[in-house]
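Let's take a walk through a protein fold together, one piece at a time.

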Amino acid sequence: MDQHRTPLFTALKKHAAGNPVQFHIPGHKKGLGTDAEFREFIGDNALSIDLINIAPLDDLHQPTGVIQEAQKLAAKAFGADYTYFSVQGTSNAIMTMILSVCSEGDKIIVPRNIHKSVMSAIIFSGAKPVFVSPVQDENLGIDHGITTSSLERALRRHPDAKGVLVINPTYFGVCADLRSIVDLAHSYGVPVLVDEAHGVLIHFHEDLPVSAMQAGADMAATSVHKLGGSMTQSSVLNVNAKTGLVNPQRVQTILSMLTTTSTSYILLASLDTSRRNLALNGHEMAERTIALSNYARETINNIDGLYSFGREILGTEATFNIDPTKLNIHVRHLGITGYETENWLRQKYNIEVELSDMYNILCLITPGDTQDSVDKLLSALRVLSAIHYSKGEIYELKVQVPEIPQLALIPRDAFYADTQVVPFRESAGYIIAEFIYVYPPGIPILLPGEIITQDNIDYIIDHVEIGLPVKGPEDRSINFVKVVVEADPIS
(Lines give C-alpha, C1' and ligand atoms only; values in the text may rest on other atoms or scores of the structure.)
Protein backbone atom coordinates (compact mmCIF):
# COMPACT_ATOMS: atom_id res chain seq x y z
CA MET A 1 0.00 0.00 0.00
CA ASP A 2 2.76 2.42 -0.96
CA GLN A 3 0.80 5.48 -2.10
CA HIS A 4 3.80 6.69 -4.12
CA ARG A 5 3.13 3.88 -6.60
CA THR A 6 0.99 4.22 -9.74
CA PRO A 7 0.76 0.61 -10.96
CA LEU A 8 -1.55 1.28 -13.91
CA PHE A 9 0.07 4.48 -15.16
CA THR A 10 3.54 2.94 -14.78
CA ALA A 11 2.47 -0.13 -16.78
CA LEU A 12 1.00 2.09 -19.50
CA LYS A 13 4.21 4.09 -19.85
CA LYS A 14 6.32 0.91 -19.93
CA HIS A 15 4.07 -0.62 -22.58
CA ALA A 16 4.19 2.51 -24.75
CA ALA A 17 7.96 2.76 -24.40
CA GLY A 18 8.27 -0.77 -25.81
CA ASN A 19 6.67 0.53 -29.03
CA PRO A 20 4.77 -2.71 -29.82
CA VAL A 21 3.36 -3.35 -33.28
CA GLN A 22 -0.40 -3.06 -32.71
CA PHE A 23 -3.05 -5.06 -34.55
CA HIS A 24 -5.83 -4.11 -32.15
CA ILE A 25 -8.09 -1.14 -31.50
CA PRO A 26 -7.99 1.85 -31.28
CA GLY A 27 -7.51 2.24 -34.98
CA HIS A 28 -5.40 5.37 -34.79
CA LYS A 29 -2.40 3.12 -33.79
CA LYS A 30 -0.57 5.49 -31.43
CA GLY A 31 -1.80 8.53 -33.34
CA LEU A 32 -0.55 7.55 -36.79
CA GLY A 33 -4.10 7.18 -38.08
CA THR A 34 -5.67 10.20 -36.43
CA ASP A 35 -6.29 13.70 -37.77
CA ALA A 36 -3.01 15.61 -38.02
CA GLU A 37 -4.23 18.79 -36.31
CA PHE A 38 -5.76 16.85 -33.43
CA ARG A 39 -2.59 14.76 -33.06
CA GLU A 40 -0.39 17.84 -32.91
CA PHE A 41 -2.63 19.44 -30.29
CA ILE A 42 -3.19 16.42 -28.06
CA GLY A 43 0.33 15.06 -28.29
CA ASP A 44 1.88 11.68 -29.03
CA ASN A 45 2.32 10.80 -25.34
CA ALA A 46 -1.42 10.88 -24.74
CA LEU A 47 -2.17 8.94 -27.92
CA SER A 48 0.45 6.31 -27.06
CA ILE A 49 -1.43 5.30 -23.91
CA ASP A 50 -4.89 5.38 -25.49
CA LEU A 51 -5.03 1.60 -25.31
CA ILE A 52 -7.40 -1.28 -24.57
CA ASN A 53 -7.63 -4.19 -22.18
CA ILE A 54 -4.75 -6.29 -23.50
CA ALA A 55 -3.14 -8.73 -21.06
CA PRO A 56 -0.26 -6.55 -19.74
CA LEU A 57 -2.68 -3.74 -18.93
CA ASP A 58 -5.39 -5.72 -17.08
CA ASP A 59 -9.16 -5.45 -17.62
CA LEU A 60 -11.46 -3.09 -15.70
CA HIS A 61 -14.32 -5.60 -16.04
CA GLN A 62 -12.43 -8.37 -14.22
CA PRO A 63 -9.23 -6.87 -12.83
CA THR A 64 -6.49 -9.18 -11.60
CA GLY A 65 -3.34 -7.13 -12.28
CA VAL A 66 -2.36 -3.46 -12.39
CA ILE A 67 -5.95 -2.12 -12.34
CA GLN A 68 -6.72 -4.28 -9.32
CA GLU A 69 -3.59 -2.91 -7.61
CA ALA A 70 -4.57 0.67 -8.49
CA GLN A 71 -8.08 0.16 -7.10
CA LYS A 72 -6.68 -1.31 -3.86
CA LEU A 73 -4.46 1.74 -3.43
CA ALA A 74 -7.50 3.96 -4.04
CA ALA A 75 -9.53 2.05 -1.44
CA LYS A 76 -6.78 2.67 1.10
CA ALA A 77 -6.66 6.37 0.23
CA PHE A 78 -10.43 6.82 0.49
CA GLY A 79 -10.88 4.66 3.59
CA ALA A 80 -12.99 2.08 1.74
CA ASP A 81 -12.96 -1.71 1.72
CA TYR A 82 -13.30 -1.71 -2.06
CA THR A 83 -12.93 1.01 -4.65
CA TYR A 84 -14.03 0.62 -8.27
CA PHE A 85 -12.96 2.95 -11.07
CA SER A 86 -15.62 4.47 -13.33
CA VAL A 87 -14.79 5.82 -16.79
CA GLN A 88 -18.38 6.93 -17.29
CA GLY A 89 -18.50 9.48 -14.54
CA THR A 90 -20.24 9.54 -11.20
CA SER A 91 -23.57 9.09 -12.97
CA ASN A 92 -22.50 5.53 -13.78
CA ALA A 93 -21.39 4.94 -10.20
CA ILE A 94 -24.69 6.29 -8.84
CA MET A 95 -26.69 4.03 -11.14
CA THR A 96 -24.55 1.08 -10.03
CA MET A 97 -25.28 1.78 -6.36
CA ILE A 98 -29.03 1.79 -6.90
CA LEU A 99 -29.18 -1.17 -9.29
CA SER A 100 -27.07 -3.26 -6.91
CA VAL A 101 -29.62 -2.93 -4.08
CA CYS A 102 -32.96 -2.43 -5.87
CA SER A 103 -35.05 -4.71 -8.04
CA GLU A 104 -38.48 -4.21 -9.61
CA GLY A 105 -41.02 -2.98 -7.07
CA ASP A 106 -38.45 -2.34 -4.32
CA LYS A 107 -38.66 0.92 -2.40
CA ILE A 108 -35.74 3.32 -2.14
CA ILE A 109 -35.80 6.47 -0.01
CA VAL A 110 -34.36 9.45 -1.87
CA PRO A 111 -34.34 13.24 -1.51
CA ARG A 112 -36.45 15.06 -4.08
CA ASN A 113 -33.46 17.16 -5.21
CA ILE A 114 -31.65 14.14 -6.65
CA HIS A 115 -29.48 14.15 -9.75
CA LYS A 116 -31.17 12.82 -12.88
CA SER A 117 -28.87 9.76 -12.84
CA VAL A 118 -30.68 8.59 -9.70
CA MET A 119 -34.01 8.69 -11.50
CA SER A 120 -32.48 6.95 -14.50
CA ALA A 121 -31.47 4.06 -12.24
CA ILE A 122 -34.91 4.00 -10.60
CA ILE A 123 -36.51 3.72 -14.04
CA PHE A 124 -34.09 0.99 -15.15
CA SER A 125 -34.64 -1.02 -11.95
CA GLY A 126 -38.39 -0.50 -11.73
CA ALA A 127 -37.98 0.62 -8.13
CA LYS A 128 -40.50 2.81 -6.33
CA PRO A 129 -39.01 6.05 -4.99
CA VAL A 130 -40.09 7.27 -1.57
CA PHE A 131 -39.34 10.98 -1.71
CA VAL A 132 -38.12 12.94 1.29
CA SER A 133 -38.39 16.68 0.82
CA PRO A 134 -35.12 18.56 1.17
CA VAL A 135 -35.08 21.68 3.28
CA GLN A 136 -35.59 24.68 1.00
CA ASP A 137 -33.69 27.87 1.72
CA GLU A 138 -36.23 30.52 0.80
CA ASN A 139 -33.69 33.30 1.25
CA LEU A 140 -31.16 31.89 -1.21
CA GLY A 141 -33.53 29.94 -3.46
CA ILE A 142 -31.60 26.67 -3.15
CA ASP A 143 -32.20 23.25 -1.62
CA HIS A 144 -30.17 21.85 1.26
CA GLY A 145 -30.18 18.22 2.37
CA ILE A 146 -32.70 16.02 4.11
CA THR A 147 -33.01 15.93 7.89
CA THR A 148 -32.59 12.99 10.21
CA SER A 149 -36.12 13.48 11.54
CA SER A 150 -37.68 13.43 8.05
CA LEU A 151 -35.70 10.29 7.22
CA GLU A 152 -36.90 8.69 10.44
CA ARG A 153 -40.52 9.34 9.45
CA ALA A 154 -39.87 7.78 6.05
CA LEU A 155 -38.21 4.69 7.53
CA ARG A 156 -41.03 4.29 10.06
CA ARG A 157 -43.55 4.27 7.21
CA HIS A 158 -41.37 2.20 4.84
CA PRO A 159 -39.18 -0.14 6.94
CA ASP A 160 -38.99 -2.47 3.92
CA ALA A 161 -36.98 0.07 1.90
CA LYS A 162 -33.94 -1.45 0.21
CA GLY A 163 -31.82 1.65 0.46
CA VAL A 164 -31.49 5.29 1.49
CA LEU A 165 -29.74 7.71 -0.84
CA VAL A 166 -28.20 10.90 0.55
CA ILE A 167 -26.49 13.83 -1.18
CA ASN A 168 -23.41 14.82 0.82
CA PRO A 169 -22.31 17.51 0.28
CA THR A 170 -24.95 19.16 -1.89
CA TYR A 171 -23.93 20.93 -5.08
CA PHE A 172 -23.72 24.11 -2.97
CA GLY A 173 -21.52 22.48 -0.32
CA VAL A 174 -24.06 22.01 2.47
CA CYS A 175 -24.07 18.82 4.57
CA ALA A 176 -26.60 17.23 6.88
CA ASP A 177 -25.59 15.14 9.90
CA LEU A 178 -24.39 12.16 7.87
CA ARG A 179 -23.25 10.03 10.81
CA SER A 180 -26.70 10.27 12.43
CA ILE A 181 -28.39 9.48 9.12
CA VAL A 182 -26.20 6.40 8.63
CA ASP A 183 -26.77 5.18 12.21
CA LEU A 184 -30.53 5.64 11.82
CA ALA A 185 -30.76 3.77 8.52
CA HIS A 186 -28.55 0.96 9.79
CA SER A 187 -30.80 0.56 12.84
CA TYR A 188 -33.48 -0.48 10.32
CA GLY A 189 -31.02 -2.70 8.44
CA VAL A 190 -31.13 -0.38 5.41
CA PRO A 191 -27.93 0.47 3.49
CA VAL A 192 -26.94 4.09 2.89
CA LEU A 193 -25.83 5.16 -0.59
CA VAL A 194 -24.15 8.56 -0.86
CA ASP A 195 -24.01 10.83 -3.87
CA GLU A 196 -20.59 12.28 -3.03
CA ALA A 197 -20.05 13.78 -6.47
CA HIS A 198 -18.89 17.09 -5.03
CA GLY A 199 -16.93 15.78 -2.05
CA VAL A 200 -13.62 14.26 -3.08
CA LEU A 201 -11.53 16.67 -0.98
CA ILE A 202 -13.48 16.01 2.23
CA HIS A 203 -11.62 12.70 2.58
CA PHE A 204 -8.34 14.53 3.07
CA HIS A 205 -8.80 17.35 5.59
CA GLU A 206 -10.17 17.45 9.12
CA ASP A 207 -11.68 20.92 8.65
CA LEU A 208 -13.96 19.67 5.88
CA PRO A 209 -17.22 17.74 6.46
CA VAL A 210 -17.11 14.04 7.25
CA SER A 211 -16.88 11.78 4.21
CA ALA A 212 -19.26 8.94 3.45
CA MET A 213 -16.70 6.28 4.34
CA GLN A 214 -15.79 8.06 7.60
CA ALA A 215 -19.50 8.19 8.48
CA GLY A 216 -19.91 4.43 7.91
CA ALA A 217 -22.05 4.66 4.76
CA ASP A 218 -22.24 1.53 2.64
CA MET A 219 -21.43 3.03 -0.75
CA ALA A 220 -20.41 6.41 -2.13
CA ALA A 221 -20.06 7.65 -5.69
CA THR A 222 -17.27 10.24 -5.75
CA SER A 223 -16.23 12.51 -8.63
CA VAL A 224 -12.45 12.61 -8.60
CA HIS A 225 -12.57 14.68 -11.79
CA LYS A 226 -14.70 17.46 -10.31
CA LEU A 227 -12.29 18.57 -7.61
CA GLY A 228 -9.52 15.98 -7.32
CA GLY A 229 -7.52 16.53 -10.48
CA SER A 230 -8.41 13.57 -12.71
CA MET A 231 -9.81 13.94 -16.21
CA THR A 232 -13.47 14.63 -16.94
CA GLN A 233 -15.62 11.47 -16.78
CA SER A 234 -13.34 9.67 -14.29
CA SER A 235 -14.81 8.82 -10.89
CA VAL A 236 -14.72 6.16 -8.18
CA LEU A 237 -17.28 4.06 -6.37
CA ASN A 238 -16.26 3.41 -2.76
CA VAL A 239 -17.75 0.46 -0.87
CA ASN A 240 -17.83 -0.27 2.85
CA ALA A 241 -18.49 -4.00 3.21
CA LYS A 242 -18.23 -4.17 7.01
CA THR A 243 -21.96 -3.78 7.61
CA GLY A 244 -22.82 -6.72 5.36
CA LEU A 245 -25.65 -4.70 3.80
CA VAL A 246 -24.13 -4.62 0.30
CA ASN A 247 -22.43 -7.31 -1.77
CA PRO A 248 -19.17 -6.03 -3.34
CA GLN A 249 -19.20 -8.78 -5.96
CA ARG A 250 -22.67 -7.77 -7.11
CA VAL A 251 -21.55 -4.14 -7.21
CA GLN A 252 -18.67 -5.13 -9.50
CA THR A 253 -21.06 -7.12 -11.71
CA ILE A 254 -23.56 -4.27 -12.06
CA LEU A 255 -20.80 -1.74 -12.74
CA SER A 256 -19.43 -4.01 -15.45
CA MET A 257 -22.89 -4.35 -17.03
CA LEU A 258 -23.20 -0.57 -17.27
CA THR A 259 -19.63 0.11 -18.46
CA THR A 260 -18.32 0.16 -22.00
CA THR A 261 -15.99 -2.73 -22.90
CA SER A 262 -13.75 -0.15 -24.60
CA THR A 263 -12.61 1.46 -21.36
CA SER A 264 -10.41 4.55 -21.62
CA TYR A 265 -6.95 3.91 -20.23
CA ILE A 266 -6.21 7.63 -20.29
CA LEU A 267 -9.09 8.17 -17.86
CA LEU A 268 -8.01 5.20 -15.75
CA ALA A 269 -4.44 6.49 -15.63
CA SER A 270 -5.66 9.90 -14.52
CA LEU A 271 -7.52 8.23 -11.64
CA ASP A 272 -4.40 6.28 -10.68
CA THR A 273 -2.20 9.38 -10.63
CA SER A 274 -4.80 11.65 -9.00
CA ARG A 275 -5.18 9.10 -6.21
CA ARG A 276 -1.41 9.27 -5.66
CA ASN A 277 -1.50 13.07 -5.56
CA LEU A 278 -4.44 13.15 -3.15
CA ALA A 279 -3.01 10.46 -0.88
CA LEU A 280 0.37 12.17 -0.63
CA ASN A 281 -0.56 15.83 -0.92
CA GLY A 282 -4.34 15.97 -0.35
CA HIS A 283 -4.14 17.61 3.06
CA GLU A 284 -1.91 20.39 1.81
CA MET A 285 -4.01 20.81 -1.34
CA ALA A 286 -7.20 21.08 0.72
CA GLU A 287 -5.57 23.47 3.22
CA ARG A 288 -4.58 25.87 0.47
CA THR A 289 -7.99 25.59 -1.22
CA ILE A 290 -9.87 26.26 2.02
CA ALA A 291 -7.73 29.35 2.69
CA LEU A 292 -8.40 30.73 -0.81
CA SER A 293 -12.12 30.04 -0.43
CA ASN A 294 -12.33 31.78 2.94
CA TYR A 295 -10.46 34.78 1.56
CA ALA A 296 -12.82 34.98 -1.42
CA ARG A 297 -15.94 34.64 0.74
CA GLU A 298 -14.85 37.31 3.21
CA THR A 299 -14.05 39.70 0.35
CA ILE A 300 -17.35 39.05 -1.45
CA ASN A 301 -19.33 39.74 1.70
CA ASN A 302 -17.77 43.21 1.80
CA ILE A 303 -18.96 43.99 -1.74
CA ASP A 304 -22.28 45.88 -1.87
CA GLY A 305 -25.23 43.75 -2.96
CA LEU A 306 -23.43 40.39 -2.91
CA TYR A 307 -23.62 37.58 -0.36
CA SER A 308 -21.76 34.29 -0.08
CA PHE A 309 -23.01 32.15 2.77
CA GLY A 310 -20.63 30.51 5.20
CA ARG A 311 -20.76 28.90 8.63
CA GLU A 312 -23.37 31.41 9.85
CA ILE A 313 -26.09 29.26 8.21
CA LEU A 314 -25.18 26.22 10.32
CA GLY A 315 -27.15 25.02 13.30
CA THR A 316 -30.12 23.24 11.76
CA GLU A 317 -30.60 19.56 10.91
CA ALA A 318 -30.22 20.30 7.22
CA THR A 319 -27.23 22.62 7.65
CA PHE A 320 -24.96 20.58 9.91
CA ASN A 321 -21.73 21.50 8.14
CA ILE A 322 -20.44 23.12 4.95
CA ASP A 323 -17.66 22.60 2.46
CA PRO A 324 -16.28 26.14 2.11
CA THR A 325 -14.68 25.44 -1.28
CA LYS A 326 -18.13 25.83 -2.88
CA LEU A 327 -18.49 29.57 -3.35
CA ASN A 328 -22.17 30.35 -3.82
CA ILE A 329 -22.63 34.02 -4.70
CA HIS A 330 -26.14 35.40 -4.21
CA VAL A 331 -26.84 38.27 -6.63
CA ARG A 332 -30.56 39.05 -6.34
CA HIS A 333 -29.88 42.13 -4.18
CA LEU A 334 -28.34 43.66 -7.32
CA GLY A 335 -31.65 43.21 -9.12
CA ILE A 336 -30.14 40.83 -11.70
CA THR A 337 -30.32 37.08 -12.18
CA GLY A 338 -27.53 34.61 -11.77
CA TYR A 339 -27.86 33.79 -15.45
CA GLU A 340 -27.28 37.44 -16.39
CA THR A 341 -24.28 37.48 -14.06
CA GLU A 342 -22.80 34.38 -15.68
CA ASN A 343 -23.13 35.86 -19.16
CA TRP A 344 -21.66 39.21 -18.04
CA LEU A 345 -18.62 37.53 -16.45
CA ARG A 346 -18.07 35.50 -19.63
CA GLN A 347 -18.42 38.41 -22.03
CA LYS A 348 -16.63 41.11 -20.06
CA TYR A 349 -13.96 39.18 -18.13
CA ASN A 350 -13.59 35.78 -19.81
CA ILE A 351 -14.60 34.12 -16.55
CA GLU A 352 -16.62 30.89 -16.57
CA VAL A 353 -18.63 29.76 -13.52
CA GLU A 354 -19.89 26.32 -12.52
CA LEU A 355 -23.59 27.19 -12.69
CA SER A 356 -26.11 29.98 -12.49
CA ASP A 357 -29.76 30.07 -11.54
CA MET A 358 -32.31 32.78 -10.91
CA TYR A 359 -30.52 34.15 -7.85
CA ASN A 360 -27.01 32.72 -7.64
CA ILE A 361 -23.81 31.81 -9.36
CA LEU A 362 -21.64 28.97 -8.08
CA CYS A 363 -17.86 29.15 -8.32
CA LEU A 364 -15.78 26.12 -7.35
CA ILE A 365 -12.46 26.87 -5.67
CA THR A 366 -10.19 23.86 -6.25
CA PRO A 367 -6.53 22.90 -5.88
CA GLY A 368 -6.13 24.24 -9.42
CA ASP A 369 -6.87 27.79 -8.29
CA THR A 370 -4.34 30.45 -7.38
CA GLN A 371 -4.43 33.82 -5.66
CA ASP A 372 -4.39 35.36 -9.12
CA SER A 373 -7.43 33.46 -10.44
CA VAL A 374 -9.45 34.28 -7.32
CA ASP A 375 -8.45 37.96 -7.45
CA LYS A 376 -9.61 38.17 -11.08
CA LEU A 377 -13.04 36.94 -10.01
CA LEU A 378 -13.18 39.40 -7.11
CA SER A 379 -12.17 42.33 -9.32
CA ALA A 380 -14.93 41.48 -11.77
CA LEU A 381 -17.51 41.22 -8.97
CA ARG A 382 -16.55 44.65 -7.65
CA VAL A 383 -17.25 46.13 -11.08
CA LEU A 384 -20.55 44.23 -11.29
CA SER A 385 -21.62 45.68 -7.95
CA ALA A 386 -20.61 49.22 -8.95
CA ILE A 387 -22.73 48.98 -12.10
CA HIS A 388 -25.89 47.64 -10.47
CA TYR A 389 -25.78 48.67 -6.80
CA SER A 390 -25.11 52.34 -7.52
CA LYS A 391 -28.31 52.87 -9.49
CA GLY A 392 -30.15 54.40 -6.55
CA GLU A 393 -33.31 52.43 -5.72
CA ILE A 394 -32.43 48.75 -5.47
CA TYR A 395 -34.84 46.34 -7.11
CA GLU A 396 -34.45 42.91 -5.55
CA LEU A 397 -35.70 39.76 -7.23
CA LYS A 398 -38.34 37.85 -5.32
CA VAL A 399 -37.23 34.31 -4.50
CA GLN A 400 -39.45 31.58 -5.94
CA VAL A 401 -39.04 27.92 -5.02
CA PRO A 402 -40.67 25.20 -7.13
CA GLU A 403 -43.61 23.26 -5.79
CA ILE A 404 -42.80 19.59 -5.21
CA PRO A 405 -45.26 17.60 -7.34
CA GLN A 406 -47.22 14.53 -6.30
CA LEU A 407 -45.97 11.18 -7.60
CA ALA A 408 -48.91 9.34 -9.18
CA LEU A 409 -47.09 6.52 -10.97
CA ILE A 410 -43.89 4.55 -10.51
CA PRO A 411 -41.42 6.40 -12.77
CA ARG A 412 -40.76 3.39 -15.00
CA ASP A 413 -44.46 2.84 -15.58
CA ALA A 414 -44.86 6.48 -16.61
CA PHE A 415 -41.74 6.49 -18.78
CA TYR A 416 -42.88 3.44 -20.77
CA ALA A 417 -46.62 4.21 -20.72
CA ASP A 418 -48.76 5.10 -23.71
CA THR A 419 -48.29 8.82 -24.15
CA GLN A 420 -49.65 11.82 -25.94
CA VAL A 421 -48.13 15.23 -26.64
CA VAL A 422 -49.89 18.30 -25.22
CA PRO A 423 -48.99 22.01 -25.12
CA PHE A 424 -46.83 22.53 -22.03
CA ARG A 425 -48.71 25.65 -20.95
CA GLU A 426 -51.93 23.59 -20.90
CA SER A 427 -50.51 20.46 -19.23
CA ALA A 428 -51.60 21.08 -15.61
CA GLY A 429 -53.22 17.99 -14.16
CA TYR A 430 -51.54 15.55 -16.54
CA ILE A 431 -49.00 12.92 -15.47
CA ILE A 432 -45.69 13.72 -17.13
CA ALA A 433 -43.82 10.93 -18.94
CA GLU A 434 -40.42 12.61 -19.30
CA PHE A 435 -37.94 14.70 -17.32
CA ILE A 436 -37.68 18.46 -17.08
CA TYR A 437 -34.58 19.70 -15.31
CA VAL A 438 -32.08 22.55 -15.22
CA TYR A 439 -28.51 21.42 -15.95
CA PRO A 440 -26.29 22.13 -14.18
CA PRO A 441 -27.00 20.95 -11.53
CA GLY A 442 -29.24 18.33 -13.17
CA ILE A 443 -31.91 18.28 -10.48
CA PRO A 444 -35.32 17.48 -12.00
CA ILE A 445 -38.19 19.95 -11.62
CA LEU A 446 -40.57 17.31 -12.96
CA LEU A 447 -40.04 13.54 -13.05
CA PRO A 448 -41.85 10.81 -15.00
CA GLY A 449 -44.92 9.84 -12.99
CA GLU A 450 -45.53 13.21 -11.32
CA ILE A 451 -48.65 15.33 -11.71
CA ILE A 452 -47.90 18.64 -13.42
CA THR A 453 -49.17 21.69 -11.54
CA GLN A 454 -49.65 25.25 -12.74
CA ASP A 455 -46.96 26.29 -10.25
CA ASN A 456 -44.50 23.93 -11.97
CA ILE A 457 -45.46 25.31 -15.39
CA ASP A 458 -45.00 28.93 -14.29
CA TYR A 459 -41.66 28.15 -12.61
CA ILE A 460 -40.27 26.38 -15.68
CA ILE A 461 -41.49 29.06 -18.09
CA ASP A 462 -39.80 31.73 -15.95
CA HIS A 463 -36.52 29.81 -16.26
CA VAL A 464 -36.91 29.32 -20.02
CA GLU A 465 -37.71 32.98 -20.62
CA ILE A 466 -34.57 34.27 -18.91
CA GLY A 467 -32.47 31.75 -20.84
CA LEU A 468 -31.57 29.19 -18.18
CA PRO A 469 -30.64 25.74 -19.60
CA VAL A 470 -33.92 23.87 -19.06
CA LYS A 471 -33.56 20.39 -20.57
CA GLY A 472 -35.13 16.95 -20.69
CA PRO A 473 -38.22 16.92 -22.94
CA GLU A 474 -38.03 15.57 -26.47
CA ASP A 475 -39.32 18.99 -27.57
CA ARG A 476 -36.25 21.03 -26.75
CA SER A 477 -38.19 24.29 -26.99
CA ILE A 478 -40.51 23.00 -24.22
CA ASN A 479 -43.59 24.15 -26.09
CA PHE A 480 -44.94 20.59 -25.86
CA VAL A 481 -44.56 17.82 -23.33
CA LYS A 482 -45.24 14.06 -23.30
CA VAL A 483 -47.87 12.97 -20.80
CA VAL A 484 -49.42 9.63 -19.87
CA VAL A 485 -52.65 8.80 -21.71
CA GLU A 486 -53.93 6.72 -18.84
CA ALA A 487 -52.45 4.28 -16.36
CA ASP A 488 -53.25 2.57 -13.10
CA PRO A 489 -52.12 4.58 -10.08
CA ILE A 490 -49.75 3.15 -7.46
CA SER A 491 -51.70 0.96 -5.07
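Predicted model: local features only at pLDDT ≥ 70, side-chain atom pairs only at ≥ 80, totals over all residues.

Is the crossing of α13 and α14 left-handed or right-handed? Find the two helices and try to decide before reading on. The answer is that α13 and α14 cross in a right-handed way.

Two packed helices are described by the angle between their axes and the distance between the axes. For α13 and α14, the axes cross at roughly 115° and come within 11 Å. On the α13 side, the residues making the contact are T341, W344, L345 and Y349, and on the α14 side they are A380, V383, L384 and I387. Sort these residues by class and you get seven nonpolar, one polar and no charged.

Why might residues spaced like this along a helix show up on one face? An α-helix has 3.6 residues a turn, so residues three or four places apart point the same way.

Now look at α13 by itself. This helix runs over residues 338–349, which is 12 residues. From its first C-alpha to its last it reaches 16 Å, close to the 16 Å expected at 1.5 Å a residue. Several of its residues are tucked away: G338, T341, E342, N343, W344 and L345 are buried. What covers them? The cover includes the strands β13 (355–356) and β14 (360–364), along with the helix α14 (371–389).

Step off the end of α13 and you land on N350, whose phi is positive, near 60°. Most residues other than glycine have a negative phi, and most peptide bonds are trans. N350 sits in the loop between α13 and β13, and it counts as exposed because its relative accessibility is 68%. Another residue of this kind is I478, which has a positive phi of about 60° although it is not a glycine. You'll find I478 in the loop between β18 (470–471) and β19 (480–484). Is I478 buried or exposed? With a relative accessible area of 8%, I478 is buried.

I25 and P26 are joined by a cis peptide bond, with omega at about 0°. P26 belongs to the loop between α1 and α2 (36–42). There is also a cis bond from N168 to P169, where omega is near -10°. To spot P169, look in the loop between β6 (164–167) and β7 (174–175).

Next, head over to α5, residues 89–101, and its partner α6, residues 116–125. Their axes come within 9 Å and cross at roughly 40°. That is why α5 counts as oblique to α6. The crossing of α5 and α6 is right-handed. In the contact, S91, I94, M95, I98 and L99 of α5 meet S117, V118, S120, A121, F124 and S125 of α6. By class, that contact has seven nonpolar, four polar and no charged residues.

How many of the 13 residues of α5 are buried? The count is 12, so α5 is largely enclosed by the rest of the structure. Among the buried ones are G89, I94, M95, I98, L99 and V101.

Here's another helix pair to set beside those. Helix α1 (residues 7–17) and helix α4 (residues 66–78) pack at an angle of about 150°, with their axes 7 Å apart. P7, L8 and A11 of α1 make the contact with V66, I67, E69, A70 and L73 of α4. This time the classes are seven nonpolar, no polar and one charged.

Finally, zoom in on two single residues. S293 lies in helix α12 (residues 265–300), and at 0% relative accessibility it counts as buried. Setting aside residues up to four places away in sequence, S293 touches P324, T325, L327 and I365. F415 lies in helix α15 (residues 411–415) and is partly exposed, with a relative accessible area of 35%. Leaving out neighbours within four places in sequence, F415 is in contact with I123, A433 and P448. Now trace back along the chain to A386, which is 29 residues from F415: the C-alpha atoms of the two are separated by 49 Å.

Technical notes: Residues numbered from 1 in each chain as written. Heavy atoms only, no water. Axes fitted to C-alpha atoms, helices over the stretch in contact; angles between N-to-C directions. Helix = DSSP H or I, 4+ residues; strand = E, 2+ residues; numbered from the N terminus. Parallel < 35°, antiparallel > 145°, perpendicular 65-115°, else oblique. Left-handed = near helix turned anticlockwise from the far one by under 90°. Contact = heavy atoms within 4.5 Å. Nonpolar A, V, L, I, M, F, W, Y, C, P; charged D, E, K, R; others polar. Expected span 1.5 Å × (residues − 1). Buried < 20%, exposed > 50% of the residue type's maximum accessible area, 1.4 Å probe, protein only.
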